[in-house]
Every structure is written in C-alpha cells, then in structure tokens.
Amino acid sequence: MRLQLLTALLAFSAAAPAIAADAGRFVLLPPEATGVTAANAYPDLHGRFEEIMRGALGSGLAIADLDGDGRPDLVVTGKSEGLRCFRNQGDWRFEDITEAAGLAAPARAAGAKPGWYQGVSAVDVDGDGDLDLHVCRIGAPNQLFINDGRARFTDEAAARGVAVIDGSNMAAFADYDRDGWLDFYLQTNIHRADHRDGEPDRLFRNTGRGYFVETTATSGLHGVTQGHGVVWCDYDDDGWPDVYVANDFEEPDRLYRNQGNGTFRDVIAEVMPSIANSSMGLDTADVDGDGRFDFFVADMAATTPEKDLRGMVKRRLGGVEPLDRPDALRQYPANSLLLNTGTGRFVEAAHHAGLARTDWTWSVLFGDFDQDGRPDLHVTNGVFRELHNIDLAARSAEAVSVAEQLAIIRTCPVYREPNLFYVSRPGLKFEECATAAGLADDGVSFGAATGDLDGDGDLDLVYVQFRKPPAVYRNDYARGRSVIVDLRSPGPNRFGVGAKVTLTTSSGRQVRDLQQARGYLSTSEPMVHFGLPPGDTVAEIEVRWPSGRIQRVAGVAAGSRVTVVEDESLPPAAAPRPSPGWWREVAASAGLATLAREAPGPELIRQPLAPAAFNRAGPALAAADLNGDGLEDFVTGATTVDAGSVLLSNGRGGFTRSDFDAGAPVNRGPLLVADFDRDGRPEVLVTSGGNPAPAGDTDYGAQLWQLGAAQRLEPKAASLPPFPGPVGAVAVADFDRDGWLDVVLGGRVVPGAFPAAAPVALWRGSPAGFRDEPGAAGLGPALGLVTALLASDVDGDGWTDLLVAREWDTLQLWHNESGRGFTNASAVAGLGEVGVGLWHSLAAGDFNGDGFMDYAVGNVGTNTPLAAMPGETAVLYTGSFSGATGPQVIEAVQHGGREWPRRGLATLGSTFRHLPRRFPSNDRFAAAGLAGIFPAAELALAERRELREKRSGLLWGGPDGRFRFSPLPWPAQLAPLQGMLALDVDGDGALDLVAAQNAFDAIPEHGRADAGLGVVLRGDGRGGFTFVPWSESGWSLPGDARGLVATDFDRNGWPDFYVTRNNRPSALFLQQRAAALPRWRIGLWAGPDAGGPAWGARLTVVHRDGGRYTVEFQPVTARNSQSAPFAFVASDPRNPVVRLEARWPDGRTTRHAVSPAPSGSTLRWRATDGQPEP
C-alpha cells in the first residue's frame, strides 16, 4: 500500500540573491554581506598546549531551523569565545541573536584555564518538536540548551545529567535502544596533559523528555580514545543503529555493533581489512550505489610527494606490520574508504577512488552538491602549525620545557592548505574540482555543515576557520534538480533521526539516512537531500523509520520539498534478511580448513630498499585424483613453518589428511600433478619458491613425489635438473608433440638482487626422464620476475605457445616454432603497448565467442599507493649509486613534472650514509627531488622502469594476431588478482571469471594490499563482464589468497572452489543455488598409451542460438594452483547445448554429445569417443 502522507509539497524558490549568481560555481559570501562575523580568534593556544599538540584543535557548527520559521539558522563554536547564533533572515542575511537566545558564554574568571568549545549538536532531546543544542567542551561542563520553540535557550545540562567535565569532542545522537527517545554517544579527546592517550568515550541513555543516565559501564565501550569523528549508522541493516568512532594517533577506530539489548561489541577487527592510522573526520554515504552505507575516514596523507617527505613519510615507519600477529588489523596513514559489501565485511577502496590523500584533513562531508544522483565530497584542511614536520619534531624534542616548545612552534608559519572538493564519477572514481567549483579556499578550516540556506533546493556549505569568520558558500554549482525530504514523527524522535530514506527514480535508487552528527564536530540541516540528474523522474520515496515502520510515498515531483509524517498505525516491519549467496564457505565442516604459516625471511636484510618481500609465496595448491578412485584429492605445498598436506577424499564428503615434506627449508610450490612417466600413476612435481635462501642454493631444487602403498606421498627416486633459485611459475605441455610432457620453470626473483631478471628453464620430457634444454629453447637465460606462465596455443596453429606474466615488466608471448624452440612474439602481439605492470595471473577462454582465444590478465590493480594521485607515475631505478655498495633499488614517483623518492631521508640514509650529512634539514631533502639527491649521471646510467598499467583486464584476440586490452570492472581493481579461473559458474552458456585477491608481501612502510574479498565477474558471452555483488555471490575471502582451484565437492555438476591463504586457514566455497539445469563435468583425456588429461586440448560449447565459448585444459589454472582437469557445462532447455567440439593436442577435432549422460555426471572423453570433425 502506498501511503501519500505529504504535509507539504512546495516547489523550490528563492528570493533574489544579494550577490550575483556565478553559474557553475560556489560563491563565497563575504561576512560583511551575510552578517556571519564570528572571528574564532584562538587567543589562548598556550593555555592548553598539550591538548593542541595531541590534536584537540578544531571547532564546529550546526545548521538548523531553531526558531521554526522554515529557514535554517547557524550556530558556530568559537574555540575560546563560545557560541554565536545567527538567525537566517532570508536573502542571505543573518542576524546575530546570541545574547537574545541566551547562548552567550559566561565571563571567565581571571587566570582560569580556558574551557574550550568543541562540537555542537542540534537535536530535539525532549521530544517537543524544536531543536535543542548540545555543546561539547574540554575542561569545562558540557552544555545542553533547551529550546522554548522561539530560539530562546536555557542551559539545563546539570539538571538533565549531562554536565560532564571531560575532553568532550562531539555528542552523536541516536535512539540506540529503540524506545523512541534520542540517546547519545559522547566522543572524547585529550582532557589533561597527564592523560596523553586520551579519555574513555561515554554513552548516555535518554530516560524520557531529555533526561539522561550514563550507561558506559555496562555498554561494552572500551579503552581510551582521542576521537575526532563519530557517526551512527545501521551498517548491517538489522534495524539497530551502530556507531563508528574515528580515533587519532595509533589507537584503533571502533565500530560498535549494536547487540539490540543495550550493549555494543567492537567488531572493527572482524569486518575491516585495514583502517586509517590517525583518523580525523568521518562520514557515511552509499558511495558505490549498492543501497548500503559505506564509511569514509580521513587521515593526514599528503597530496604531493614533497609534503609527504616533510612529515607523513615518518608515520609509515611506525610498526604497522606486526609479524607475530599476521591477521591483526592494520592501520595505515592514509584515508579509508570502507565499502559495505553486505556480507558482514567491508572492502577498502580509497586509492582506487582517488580519495586516499587529502592533506591534513578535519571534516569530510558527503552531499550531492551537483545534483547528479551521486554523492560528492567536501574536505576541510590545514592546521595551526605543521605539527607533523620532521624538522619541527626534532627541534621540539630538544626543548627542555613546554614554554620552549611553544616558542619553537610559534616561529613556524600557520600551515595553510587548500580545501578540496571531489565530484563523484562512474566506476567509483572521484575527481578533485575545488578550483573549478570555487571551493579552493587556502587556510585552516575545521567543522563543516550543509543545508539549503536559501530555499532553492540545493546544498549550501558553511565551515568554521582558524582566526577567521565562518566561510559561507552559496551553491550555484548544482546543475540537476532535487527532492528534499523532511521527516516528522508524532513520537519523541520528532525529526526522524536515524531513518533510512530510499528514493526510486527512472534511473535507479538512491539511499540516504538522517544522522545528526557527521563530518567533524558539526551538525547539518536535519533533512534528506536527493539530487536528480536531468530528465530523471521520481517513482517513490520509502522511509524506514527508527521504529521499524516502513512507509511509502508516491506522486512526488522533481524539484519538491516534502514532509513525511510517520504513520504510527503501521506495524514495525522485520529487518530485511540477507538472501543466501551463490556460494557458502564450509571448509571447517568439510575438514579442509588447513593452515599454512609462513615465517619472515632475511631478504630485507640482504636488500633493505626492496619494495616487497618474496618469502610469503605459499601455500601452493593442486587438485587431482591421486589414487585413481575417480575422486578429487588436494595437495598443498609446505612452507618454512608447516609441512605440506595431502587430503584424500573418502567419497562421503570427508578427507583423510597426511603430511609430507616437513621441515622444508624454503617454500614449496608451485605444484603440478601429472603422469610424467606415463605409467598410469600421477606424480607430484614440487618446485621451490620463496626467498629465504641465497641464489644458487640447492634448497631450491625440485622434487617428484608419488602416492605410496600407505596412501601417503613419498619421494620418488628420479633425477631432476637443477634450478638455481626460487620458482615463480610453472607451465606444462607437450611443446614438441612427441607424446611426453615438457615443463617450463620461470624464476620469481634472484635472491638479494631484485629486480634482476630471474632464470628460466625448459625441461624436455622423455622415456628417460627430464633433460634440461640448453638456453630453454630460446626462452633463456632469463625471463624477468615471473609470476605466472600459461601454455596456450595463442595463434591456433596447433603448437602450444607460452604467455608470461611478469612484475615491473610487460607481458610476453613466446611463439612455439613447431616444437623446435620459441621466438619472442610480444611486439607482434602488441603486448608492449599494454604496458609495464605488476602482472600476477593469467586465464584463457574465448570470452566473446569469436573463435579466437582471449586472456584475462591479473595486475596489481588501481587501489594501490603506487602513484595514487592523478598524473603520477611510479618509477623504479636500479643501479650503482654513490655512498652504497653494489646495485641498489630506488623507488620514485613522477609528480608535477619532477621525480621524487618514495622513501624518506631516514630510510635512504641508512643505505646511503652520506645523505644525512648532505641534508641536515629534512625539509631541504624533501624539496630536492630525486635529481637533487642523486647525481644525474648515476640516474642516467641506472636501469629505469615506469609502471604504466596497474589495471587488471582482458586481452582480446583477433584475426590480426594483435591483442587489444580493456580493463575489468572496478571491484576487480581493488587488490591484486592472485589467481583467476575462466568457467561458466551460473549455467547461462557464457564464460565467467572467478578471482582471488590480495597480496601481503609489500614491506611494512608501503602497507599490504588487503582491500579485496575476491570477485565473481559474470560474462555475457559477447565480451562484457558484470560484477556480481559480494552479498549475491557469497564470495567473501579476506586474507592473502594464494591457491585457487575449481572442484565439484558435492558432485552435482556445479563448480565449487577451494582456496589456500597465507597465514590463514584455507576456504571452501560450496555452490548453493544449483538450478535445475542439465549439468556435467567434462574432461578430455589422452589416449590409453599416454594416460592422464590431454593438457592443451580445447573444448568448444555451442548453443542453439549460435552462442559459443571455448575453454582450454591447462594444468596450471590459476597462479600457484592446479585445478582438476574438467570443464563445467550446463544446458539450459531454453537455449540448449547442440554441439561439443574437442580439439586435441595433436590437432585432431572431434564432436561429442552429452544428452544421454545423467545430469551431474563427470565425463572423461578420449579422441576415440567422438566423431571426427568433417
């Protein structure tokens, strides 16, 4: 039933502006014109020096209609001066009514330490329909001003139980116990100089009519904090408001999940991949448009390399990688954009979005300022001095008294920084447009708030400043139209604080919630604003009230402001229950939750400036039938801590585990299971990776194992050629078509010599075993830093070629010259044009059905601190430089036409010992740039690499033999794609992609790539891929994913997935939505004399409508992994499979039928089983 409860439906209009419009920009209105003249003079910074130094610096404001005349008024806090209240008279004129409103600050006694004014909350605490004011103070009683409805206030804080004397920063109100009355969370910062770590936050429950009792002791709140931001948000959509708390310095943020019984549990370490290190302001919005609320938390990461080197680079050295706790929540000194996946976990996307670095930030505030239907972001910046400056910190540390410290700080200029304004773009991207929008104010700005101050329907902006009046901006920037929703309830929560409002339009859905505290120390106008792009029409407004009632309103015109009154006759609706995903994680119950731990290695001692560690390569994974019973078993490689494991299926959903290769001196993997000697029994080829041993060490030798009579892996007495270092990838194929499998081994790294090209080997198979082909048949002596190899007949000539993925290099294609050797065909194939990347994985399939093989290529992704700012390029130098012995690695970034070192003076100075003497001032070092630090001649002689492509994507094959590259959807860019599989997961007759993500091998200073949960990308058979939301797929895989294989665990013909993770238990994803479609697993098998899978064969599936796809049978199907040798095929009766074509490694092509086989069967075909292709 659609309830049209509109008490007002007004077209927006505005009086003639006092200042001429500036179409397309915000207009800064001068204080003398508006009358908003509060100076915020900060006259007594010395009075609370420690509090200032620890961050309790800012002040805030509120935009709210205090007198009920329909126009939002302003209340601003002066740090020492107290409140100033400005009544909105219309036409952008404001009257100072502070005295008349009863809000003037009392005189301070002579010599008394100042009680600072911090955040201000405009909220109806007593349920009488007008907005009261809660004011936070540091070192003085908090204030609660009760409004008589005509903007005349009385401070009743003491009588109502909230006259707290503490380091109070901001009060955030919500009805956390759902009794109808607004309660509040009191966020604190430092209060006393001897409490350097801050104070405990506090929780107050409204017992009715605005009287409060403190419930902190029984609430579940814990620890001390130095808070800056706090926001309520029902992130898990269960109907109970949760609260996110942003804490400065190393004290972690909190995410308190509401338990529904008056208590909270901090779940931040369970649901977040990482968080900011020194959190500042905080806001929430549906940033990615999926209907869920996300969080954005500011830090102080610099927007330029020089500013980073002046100060923030030191914060990255602060022990953010506790190696003794590999799963501990990490904090990084950069902003966090935390996207809610609906699975109970978040992914972090700030670098991808372009929001990771916004300078010394205070307020972050989302709003659809341009009214295009997507949330934009305003950021305030600056600080009274450059407190994080390395030189300033060193000088201050030498002071013998607080007075001397203060004198030193006063010699420094005010640290003015421009505010920033980001416009939302498609693909979860934000473009910084402050200058174009008229918002690039340079100074020191703190709390910000939005409201429709002139009644024209868009969001105007006000923020407070250091020693300046508030900045008042009129929005002439908005282009679209809007709908504004005012909420009113007959109950005590009169303004509907905490309600969730959904607007459905002709272009989709928008979701907002009404929260009172947002950004930093401030309250925006209590209404819900939606922007509408041109041509958009409104279908419906849905309000989910804090009571649980759901109310729908239709007939709303674009350009309207509507008031929706809660209908108390409606029953509360149950909280929405999440629908089951396609897969469910069941490793523990299946007995497959194996744990493989990895110890840190000595590699950074050998090469302290290397950007990553290489010892965390495992555990490798292979799926194969080891004992010939027709069931899939699993093998995982050993690590330097844990033995490898063999998991033999018992046919009843369980596994018998045995270990092998215990005490391995290096990481074991990749693994390959194949019948190399053609005796009908598969062997396990175990190569060695990681980086704990020096180059050339015999510990890196490969081994062959085979299942013995006791059903355990035993070493096989076979002589294998040596390999001089860690293996990055292995490929297996009969490259010369002599009937014996050959093996290519690509080196990962030369220990201690990154990024020198690692060796490559080609082992030719024969009846006598393997022999090492001289020069690797043209591949050698080195391929680069190899991360993945794919043996594939790229050009369709019947000979298996080799694709190579490399780090800090281009992709390569090596063409098989009819079994005689390989030639480099990368240039002919256009791979150089794709660019240098940090390529990680490869997967093959004809994704668009044109008959040419395409390839998915996994890269580092765009969500990386490597050259994260627009126009930046990451650069890597390798060479000999003065002051150090032997070749050294120097990371750099191109920015603003210059190159800058990525490492700071302290780090570089530990290797180049002369640099601290040459640069006694860190500021001079920061300004020098790379060319001012290292001699030009040495840089010119060094090998130089530019990282030109970070995106994971697709290489599209075609008749000209050249590939064209296109990126995968943005969720696939959030973390490195460690492994990919191409298969039809949903039975629609098109190839999809499933990928595991993350890489924890970066050095602590750079931070690990931990933002991803893996992705499922649904193919349309024509080359398009759509991301399947995590909540829909059920694919939620945090951690450092390593091995990924497809299997049919429950033998129903639908793909399940088994994944190993470094330092974390492995995961098994079991398909849950098995549709009633005929479904088979099909394997192509070599002839009786050869045995085993027909590696290199292809299967083409043709449907009635002509749609087709091709898969290639590969022993290595994802990085460090080997899947079982089967393709998953479904036949939808609406578009059934009409033909299956097999192309065999020897060039023969046959046709096959599956219709007689029962659905769910596993079929093994040989060439003799089919009809020859005419």
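This is a predicted model: local features need pLDDT of at least 70, side-chain atom pairs count only at pLDDT 80 or more; totals for chains, interfaces and linings use all residues.

Start by zooming out. The protein splits into domain 1 (169-194 + 202-316 + 325-523), domain 2 (583-865 + 950-1071) and domain 3 (873-947). How much area is buried between domain 1 and domain 2? It comes to about 2000 Å², and carbon and sulfur atoms give 53% of that.

Now for some helices. Two packed helices are described by the angle between their axes and the distance between the axes, so have both in mind as you look. Find helix 6 (residues 305-315) and helix 16 (residues 922-933): they pack at an angle of about 160°, and their axes are 8 Å apart. Because that angle is over 145 degrees, helix 6 counts as roughly antiparallel to helix 16. The crossing of helix 6 past helix 16 is right-handed. Which residues make the contact? Helix 6 brings Glu-306, Leu-309 and Arg-310, while helix 16 supplies Asn-922, Asp-923, Phe-925, Ala-926 and Ala-927. Sort the residues in this contact between helix 6 and helix 16 by class and you get four nonpolar, one polar and three charged.

Next, look at helix 8 (residues 390-397) and helix 9 (residues 402-410). These two pack at about 155°, with 9 Å between their axes. Helix 8 and helix 9 are therefore roughly antiparallel too, and helix 8 passes helix 9 in a right-handed crossing. On the helix 8 side you'll see Leu-392, Arg-395 and Ser-396, which meet Gln-405, Ile-408 and Ile-409 of helix 9. By class, the contact of helix 8 with helix 9 has three nonpolar, two polar and one charged residues.

Finally, the backbone. Most residues other than glycine have a negative phi, and most peptide bonds are trans, so departures are worth a look. Going from Gly-669 to Pro-670, the peptide bond is cis, with omega near 5°. Pro-670 sits in strand 48 (residues 667-674). Another cis bond runs from Phe-754 to Pro-755, with omega near 0°. Where is Pro-755? You'll find Pro-755 in the loop between strand 53 (742-747) and strand 54 (758-764). Ala-151 belongs to the loop between strand 9 (143-147) and strand 10 (153-155).

Note on methods: Residues are numbered from 1 along each chain as its sequence is written. Side-chain values use heavy atoms; hydrogens and water are left out. Axes are lines fitted to C-alpha atoms, for helices over the stretch in contact, and angles run from 0 to 180 degrees between N-to-C directions. Helices (H or I, at least four residues) and strands (E, at least two) are DSSP runs, numbered from the N terminus. Angles under 35 degrees count as roughly parallel, over 145 as roughly antiparallel, 65 to 115 as roughly perpendicular and the rest as oblique. A crossing is left-handed if the near helix is turned anticlockwise from the far one by less than a right angle, and right-handed if clockwise. Contact means heavy atoms within 4.5 Å. Ala, Val, Leu, Ile, Met, Phe, Trp, Tyr, Cys and Pro count as nonpolar, Asp, Glu, Lys and Arg as charged, and the others, Gly among them, as polar. Domain bounds come from an automatic or database domain assignment. Buried area is the accessible area (1.4 Å probe) that two parts lose on being put together, summed over both.
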